[in-house]
2 protein chains.
Amino acid sequence: MDETLGSIGTTASLSLRLGQALFSSASLLFMSVGVEFYSYTAFCFLVTIMGLLIPWSCTLGMLDVYSIFVRCSLRLPSLMVIVVVGDMVLSILSLGAACASAGVIDLLIHAEGVYCPPKFCGRYQLSTAMAFLSWFLTAASSLFNLWFVASWWT
Amino acid sequence: MDETLGSIGTTASLSLRLGQALFSSASLLFMSVGVEFYSYTAFCFLVTIMGLLIPWSCTLGMLDVYSIFVRCSLRLPSLMVIVVVGDMVLSILSLGAACASAGVIDLLIHAEGVYCPPKFCGRYQLSTAMAFLSWFLTAASSLFNLWFVASWWT
């Protein structure tokens, strides 16, 4: 089971990490540049989680590049457990942040008594869509690595 | 690996299913009896997902009871795949619904121009807390069954 699709050290894993870094950066930029996100707790949470996801994905992407080019396996039990737990926690947090933001945006658009300028609302929506894509890729990485660990352990 | 902790047909699995049914019923009741949830998309989504989670958990709980008392293993490959996929989809949806509701409640409490009567707000918060507990147990069931399937497949 050394070549489990998408587990750490494969090109599929590198693609997933690149996608995560790209979408989370896009989400962070759409939310934080030129719009007022700090008035809403859900948007602050989204920015925090995307800010954590970017260095995590980049670090693991660099480990994948190292593993692919140097042809050196990095599948040590302790490293795999850290990667699985980290991916799982970040995927849960990013899904939570994206859903909370989506709920808030819906309320901002439809509720009476609240006004959301169209320029701001469009940016919030784009940022949330990018966060959902980023969550999807993080969850995929997490599941592939969990599958690999489970098949290895037994 | 026949006795993987928490996989279908064990008493741990039955306890998880009972907890899921209990918390999702509590969440549904707190949200839908006597309060106006239908004005907010996030709360409607929460009610829908909790309404799906209750029959799912009860059905699998009954399968666990059958398996424990009749001592007949229900670990058929096709059934396990359905259980893992169903649990995973429902845990993602319940986390999403709980987070969206939490985001909306925070906005209702803190935003200017929106008023939330304390009685209603308290009920929304209780319902969301129950939904988070229900999600936690569903995610645990899903991971235990995924671990069992992964260790079985390889």
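**Aromatic residues**

Tyr40(A) and Phe43(A) are both buried, where buried stands for under 20% relative accessible area, exposed for over 50%, and partly exposed for values in between (1.4 Å probe, protein chains only). The model is predicted: local features need pLDDT of at least 70 and side-chain atom pairs pLDDT 80 or more, whereas totals for chains, interfaces and linings use all residues. Residues are numbered from 1 along each chain as its sequence is written, chains are lettered from A and ligands numbered from 1 in the order of writing, and side-chain values use heavy atoms, without hydrogens and water.

**Exercise 1.** Determine how the rings of Tyr40(A) and Phe43(A) are arranged.

*Solution.* Step one is the criterion: rings of Phe, Tyr and Trp (its six-membered ring) pair if their centres lie within 6.5 Å, and planes under 30 degrees apart are stacked, over 60 edge-to-face and the rest tilted. Step two applies it: the centres of Tyr40(A) and Phe43(A) lie 5.2 Å apart with 65° between the planes, an edge-to-face pair. Step three widens the view: ring pairs join Tyr40(A), Phe43(A), Phe120(A) and Tyr124(A) into a cluster.

**Exercise 2.** Classify the ring pair of Trp135(B) and Phe136(B), and state whether each residue is buried or exposed.

*Solution.* The ring centres of Trp135(B) and Phe136(B) are 6.2 Å apart and the planes stand at 70°, so this pair is edge-to-face. Trp135(B) has 14% relative accessibility and therefore counts as buried. Phe136(B), with a relative accessible area of 54%, is exposed. Over all chains, the structure holds 10 aromatic pairs.

**Exercise 3.** Describe the interface of chain B and chain A.

*Solution.* First, count contacts (heavy atoms within 4.5 Å): 26 residues of chain B meet 26 residues of chain A. Second, take the buried area, which is the accessible area (1.4 Å probe) that two parts lose on being put together, summed over both. Between chain B and chain A this area is about 2,100 Å², and carbon and sulfur atoms give 84% of it.

**Exercise 4.** Which residues does Met80(A) touch, not counting residues up to four places away in sequence?

*Solution.* Begin with burial: Met80(A) has 0% relative accessibility, so it counts as buried. With that exclusion of residues up to four places away in sequence, Met80(A) touches Ile8(A), Arg75(A), Asn145(A), Phe148(A), Val149(A) and Trp152(A).
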